[in-house]
Amino acid sequence: MLTEINFDGIIGPSHNYAGLSPGNLAATKNRGLVSHPRAAALQGIAKMRANIALGLRQGILLPHARPDHRWLDSLATQFAEAPPHLQAQALSASAMWAANAATVSPAPDASDGRCHLTIANLLTMPHRSHEWPETLAQLRLAFPGDGFAVHAPVPAPFGDEGAANHMRLTPAHDRPGVEIFVYGVSGGPYPARQHREASAAVARRHRLNPARTLFVQQSEAAIAAGAFHNDVVAVANERVLFAHEQAFADSQAFYDALRGTLPEVEIVEVPADRVSLEDAIASYLFNAQLVTLPDGGMALILPGEARETPSVWQWLQEMVAGNGPIRHLEVVDVRQSMANGGGPACLRLRVVADPATIDSRFLVDNARLDAIAQVVEAHWPDAIAQDEIADPALIARVETARRALLEMLEIVELTYS
Ligand code: SUG
């Protein structure tokens with residue numbers, strides 16, 4: 001049976017605050033802080049447990065081999081000798097943000113009846129531009145068989161950041177939907193990471209019906225205010241779109257096109273005079289997981305920061321008290337990831353598929369999460385300060401930690417380091 005499964009990136013042992021993403025205000029503000037990889041990974045595991053407790057199916061994606069020696073090799077250097085900016089870029093644990101792993105079109109949307117996944121090239125940020133080879137290897141392993149088509153990234157110079165700039169609206173997960181690709185043109189002082197040409201290529205590869213595919217421009221104001229991905233200002237689930245008033249360049253044209261394609265759509269728009277773009281971005285209100293519960297109701301899985309932002313929490317209280325489609329708020333603590341600009345929705349990749357067709361090593365229940373947590377407790381560094389990221393002892397610890405996880409999970413095909 002086709003089901004939505006959230007695959008969360010396990011937060012890797014090299015998680016640190018190097019401030020590598022201009023336009024991601026949290027990451028640049030927190031540059032130089034001491035990170036806590038063990039606590040970070042345990043927060044991610046606790047979020048997965050909260051999803052399971054809601055009755056949802058849960059999967060995992062694995063931390064990548066860091067430092068990325070293959071990437072450094074291709075730059076004709078080695079970690080110990082590389083300049084500090086390359087060391088930081090090679091060590092980043094940014095693959096944790098699984099929403100940037102790929103764009104996923106479930107089988108009911110594709111004319112060939114397959115579930116298509118295109119790996120994101122992430123080429124705008126150097127530290128993310130080398131994620132794709134391992135992401136490709138992982139997703140080819142996790143999604144085997146003819147029911148899936150896992151595509152290599154679209155080529156440069158067309159930037160693609162995956163599902164973070166893609167939304168799907170549908171009467172039900174297992175029915176044909178409308179796929180929405182959100183691209184940026186200009187971000188004021190910051191880069192627009194998702195290029196329209198990349199989105200168009202992904203839509204063609206995925207064999208989507210052009211009449212049920214929309215390309216929508218993200219507003220420049222949103223990118224300039226720190227919404228470096230659309231999933232910082234909008235999220236969709238089944239027939240519901242939840243978005244900030246200033247998320248899109250021309251919301252009215254978009255909403256009209258959407259209603260014309262999917263008449264049952266419900267648009268929950270948060271007005272700027274209730275929640276400013278700044279509050280929305282600081283609290284990550286829209287970087288929530290909007291999910292359908294087994295009883296058919298919808299829940300919003302929010303970061304703690306949303307509860308701590310008065311305008312946001314007040315608006316949410318009124319929303320759930322009203323008659324809208326979102327009935328339940330679930331608050332999770334992912335502060336370590338949040339400090340790098342990654343909220344609950346960034347940490348997961350949604351795939352609608354039959355769980356029986358997925359490599360079961362990538363699916364988790366509470367017992368398997370217990371085993372992962374044990375490896376994290378035993379091996380993940382407690383803290384990383386920026387002035388120790390080149391320390392050989394730290395690097396050895398990071399590499400041993402990931403290997404221990406892969407061995408426990410019996411996914412040794414992916415051991416590169
Ligand atoms: O690409 N942060 C990530 C956060 C990604 C969030 N994902 C979604 N919105 N879906 C980024 O900016 C910071 C890492 C550092 O600076 O070390 C970073 O890459």
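# Legends to close-up views

**View 1. Arg207 is partly exposed, at 46% relative accessibility.** Buried means under 20% relative accessible area, exposed means over 50%, and partly exposed lies in between (1.4 Å probe, protein chains only). This is a predicted model, in which local features need pLDDT of at least 70 and side-chain atom pairs count only at pLDDT 80 or more, while totals for chains, interfaces and linings use all residues. Residues are numbered from 1 along each chain as its sequence is written, and side-chain values use heavy atoms, with hydrogens and water left out. Arg207 sits in the loop between α6 and β8. Helices (H or I, at least four residues) and strands (E, at least two) are DSSP runs, numbered from the N terminus. The phi of Arg207 is positive, near 55°, and the residue is not a glycine. Most residues other than glycine have a negative phi, and most peptide bonds are trans.

**View 2. Helix α6 spans residues 196-205.** Its buried residues are Ala198, Ser199, Ala200, Ala201, Val202 and Ala203. They pack against four strands: β3 (102-105), β4 (115-119), β7 (178-183) and β8 (213-217). Contact here means heavy atoms within 4.5 Å. Arg207, with its positive phi of about 55°, comes just after α6.

**View 3. Helix α5 covers residues 132-142.** Glu134, Thr135, Leu136, Gln138, Leu139 and Ala142 are buried there. An α-helix has 3.6 residues a turn, so residues three or four places apart point the same way. The cover over the buried residues of α5 includes the strands β2 (57-61), β3, β4, β5 (148-151) and β15 (348-353). Helix α14 (392-409) also contributes to that cover.

**View 4. The ligand is surrounded by 20 residues.** The closest are Leu20, His127, Arg128, Asp231 and Cys346. Polar atoms of the protein also face ligand oxygens. A polar side-chain atom of Ser21 is 2.8 Å from an oxygen atom of the ligand. For Gly19, a polar backbone atom lies 3.3 Å from a ligand oxygen atom. Arg193 places a polar side-chain atom 2.8 Å from an oxygen atom of the ligand. On its own, the ligand has 480 Å² of accessible area, and the protein covers 99% of this. Accessible areas come from the Shrake-Rupley method with a 1.4 Å probe; for residues, only the protein chains shown count as cover. The space taken by the ligand is the second largest cavity. A cavity is a set of points, on a 1 Å grid over the protein atoms alone, where a 1.4 Å probe fits but cannot get out. A molecule sits in a cavity if more than half of its atoms lie within 2 Å of the grid points.

**View 5. Arg193 lies in the loop between β7 and α6.** Arg193 is buried, at 2% relative accessibility. Its side chain makes a polar contact of 3.2 Å with the side chain of Glu161. A polar contact is a pair of N or O atoms within 3.5 Å; within protein, one must be able to donate a hydrogen and the other to accept it, and residues adjacent in sequence count only if both atoms are side-chain atoms. Leaving aside neighbours within four places in sequence, Arg193 contacts residues including Ser21, Asn24, Thr124, Asp160, Glu161 and Phe228.

**View 6. Asn51 belongs to helix α2 (residues 37-53).** Asn51 is buried, with a relative accessible area of 0%. Beyond its neighbours within four places in sequence, Asn51 is in contact with Asn6, Leu56, Gln58, Gln289 and Ile301.

**View 7. Pro303 is part of strand β13 (residues 298-303).** Its relative accessibility is 0%, so Pro303 counts as buried. Residues up to four places away in sequence aside, Pro303 touches Ser283, Tyr284, Val331, Val332, Met338 and Pro344.

**View 8. A cis peptide bond joins Arg66 and Pro67.** Omega is about 0°. Pro67 lies in the loop between β2 and α3 (69-74). The bond from Ala156 to Pro157 is cis too, with omega near 10°. Pro157 sits in the loop between β5 and β6 (166-169).

**View 9. Glu238 has a positive phi of about 45° although it is not a glycine.** Glu238 is found in the loop between β9 (234-237) and β10 (240-244). At 12% relative accessibility, Glu238 counts as buried.

Definitions and conventions
Near = heavy atom within 4 Å. 1 Å grid on protein atoms, 1.4 Å probe; cavity = no way out; pocket = protein on both sides within 12 Å on 5 of 7 lines; lining within 4 Å.
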